[in-house]
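Here is a short briefing for a first look at a protein model. Keep the sequence and the 3D view open while you read.

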Amino acid sequence: MRNLCKTLLGGLLLATSALPTFAEDPAKLDEMFGVLSQPAYIKHYEANLQGKVVLNPYLQAANKDNPAILDVKRAPYNWVIDAEGRVAIAPEAAHPLGRTYEKGFFRPEDKSTRKPGTRENFGHVSILGGAPGRISGEILFDKESKTWTLNNKSGRYSKHNTDRTAEQMIQAGKLIREVVNPGGATWGPVFYLLEYAPATEVEKHMKSPDLAYDDAKKKSRPHIILMPALEAPAKAAKAEKKALSLQDPKPEAKTEKVDKKPAVKDEKADPKVEKKGDAKDEKADPKAEKKGDAKAKKPKKPKAAQNDDPS
Amino acid sequence: MKTNRLNLHKFALALVLGSAFLGAQTIPQTHVVKGEKHFIAGYDPINIDGTVNVVIEISAGTTAKYQVDVKTGMIELEQKDGAPRFVKYLGYPCNYGNIPRSILDKKKGGDGDAVDALVLGAALPSGSVVRGRAIGILSLMDTGEKDDKVVVVAENTPFAACRSIEELDKKFPGVTTILQTWFTSYKGRDKEGKLLLSSPGFKGRSDAINFIGDAVLDYEKSVTTDADRRPLDEKGNPKLYRWPLAKNMGE
């Protein structure tokens, strides 16, 4: 009788585990993360001559069963919630079919003039291979606070869509914090950029007392902080950086650290990261440079987005 | 009687395999596995769900050194001094293969070959293309040169539940030790009695993702020419490629 009960209980557990979860219901996903939409545009270098959108080779598609991991040396990352509710992430790397424009260029999608030396990188479209996606944005590393900030900055999947709400950004922020390992850093605030929000949301939040700007005088990059930074440091990723020693006499190999370099030094070694993050951040806040040493120690507020590139 | 015959067959087979394994008597042969596509250039390295594809060259438990020929794109039994090459050691502890469309750039200290992968799971035949997740790297030094191998857990196997080297160690005790011991020992020792290969240990998943991504990008860069790029307009600006401005109207 006991065995029969055990078998029945086991069968019941198996059956329930095979049922679709709440997160997999397309209607619920539409509500939580926005309706699945085609990217607003695909840049000329993102598809090969056969029309196939080249995947970013650093792609990770995260859910509860398969968490992703971030690396401060590879920041910044782009993220998109895909059709199945996974968080697809990939760092911005140089695209093999892209070019570097020494004299700058005119970009037809947003009719903007890009600065000299601009390189064509993998964008959000390369994370999903050009497929439809839900709300999307960036994961930026703020060196000052050693935190990852999240925003909704995507010209393909967030902007131009009428339902990419602040509530969806909160849901996405919660999911990302749950299924993406911050790689030894911690989670910073979650920003909702009004330049990438639908008109109804802009109207609502422009009157909000929580409205903030990257530069209050210039009223640049209006945004709302939806979720504050997390305080507890993530320990899980430290384990990732450990190595197993062959010389270990124990049957189970012992771990030892491989990479002890601080994230800031690593970033300095990478000119790409230096160029993308710091240079523009400093320009946006000229006062910060003039302040004395004592004041310089005061941590700066993380920026809501990294640059003016709308992709 | 029937059973006895079978046993005799098995005994004969064991003799042949045993002699091949010991390297005392190898049967000269050329064995080629031709796939539906070129085994290096024909398959995507990464899938949309974040898994990687691995072309299996050597099946777990075997000793024959099969490898993809970059020119023909076929898997061939390696030949050395006019004879097929067999590992003179225990059979491979896991499936061994490479990640298509990847290259370890010689300029960056690589060997110019595709990324080697150790695929954990049941034995798979040469020429299989299997999906899995990279969980780490077995760092190896072969006579002073880096020879790192990515550790991949194949989908739909008991190992698929492992997300890191630490988890692999916890859930499957001894596997990391077996891999390290086998790969540092199978080539034997030098004249001074030192093992020809050495291993400083394993690296984590983040390193594995970066290692594969870098190698795939290096491959794409190596095969991309200006002819593969879309032409610019007369002023040197990109042309509009696809601009549906897809709008979700909230309907």
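This is a predicted model: local features need pLDDT of at least 70, side-chain atom pairs count only at pLDDT 80 or more; totals for chains, interfaces and linings use all residues.

**The side of chain B that touches chain A**

- Four elements of chain B each supply at least two residues to this side: α2 (165-171), α3 (175-185), β12 (197-203) and α4 (205-223).
- Helix α4(B) gives the most, with eleven residues.
- By type, the residues on this side of chain B divide into 20 nonpolar, 19 polar and 17 charged.

**The interface as a whole**

- In total, 56 residues of chain B are in contact with 64 residues of chain A.
- The size of an interface is often given as the accessible area lost when the parts come together.
- Between chain B and chain A, the buried area is about 5200 Å². Carbon and sulfur atoms give 52% of that area.
- Two salt bridges are counted between the chains.
- One salt bridge pairs A:Arg74 with B:Asp214. Their closest N and O atoms are 2.9 Å apart.

**Chain B on its own**

- Chain B has four helices and twelve strands.
- It has 251 residues, and 47% of them count as buried.
- Take the contacts in chain B with a separation of 6 or more: residues 24 or more positions apart account for 65% of them.

**Helix α4 of chain A**

- This helix covers residues 166-179, which is 14 residues.
- At 1.5 Å a residue, helix α4 of chain A should span 20 Å.
- The buried residues include A:Ala166, A:Met169, A:Ile170, A:Leu175 and A:Val179. Also among them are A:Gln168, A:Gln171 and A:Arg177.

**A:Ser158, in a loop of chain A**

- Where is A:Ser158? It lies in the loop between β10 (147-151) and α4 of chain A.
- A:Ser158 has a relative accessible area of 1%. Buried means under 20%, so A:Ser158 counts as buried.
- The side chain of A:Ser158 reaches the backbone oxygen of A:Ser136 at 2.6 Å.
- Leaving out residues up to four places away in sequence, A:Ser158 touches A:Ile135, A:Ser136, A:Asn152, A:Arg164 and A:Tyr196.

Definitions and conventions:
Residues are numbered from 1 along each chain as its sequence is written. Chains are lettered from A and ligands numbered from 1 in the order in which they are written. Side-chain values use heavy atoms; hydrogens and water are left out. Contact means heavy atoms within 4.5 Å. Buried area is the accessible area (1.4 Å probe) that two parts lose on being put together, summed over both. A salt bridge is a side-chain nitrogen of Lys or Arg within 4 Å of a carboxyl oxygen of Asp or Glu. Ala, Val, Leu, Ile, Met, Phe, Trp, Tyr, Cys and Pro count as nonpolar, Asp, Glu, Lys and Arg as charged, and the others, Gly among them, as polar. The expected span of a helix is 1.5 Å times one less than its number of residues. Buried means under 20% relative accessible area, exposed over 50%, partly exposed in between (1.4 Å probe, protein chains only). A polar contact is a pair of N or O atoms within 3.5 Å; within protein, one must be able to donate a hydrogen and the other to accept it, and residues adjacent in sequence count only if both atoms are side-chain atoms.
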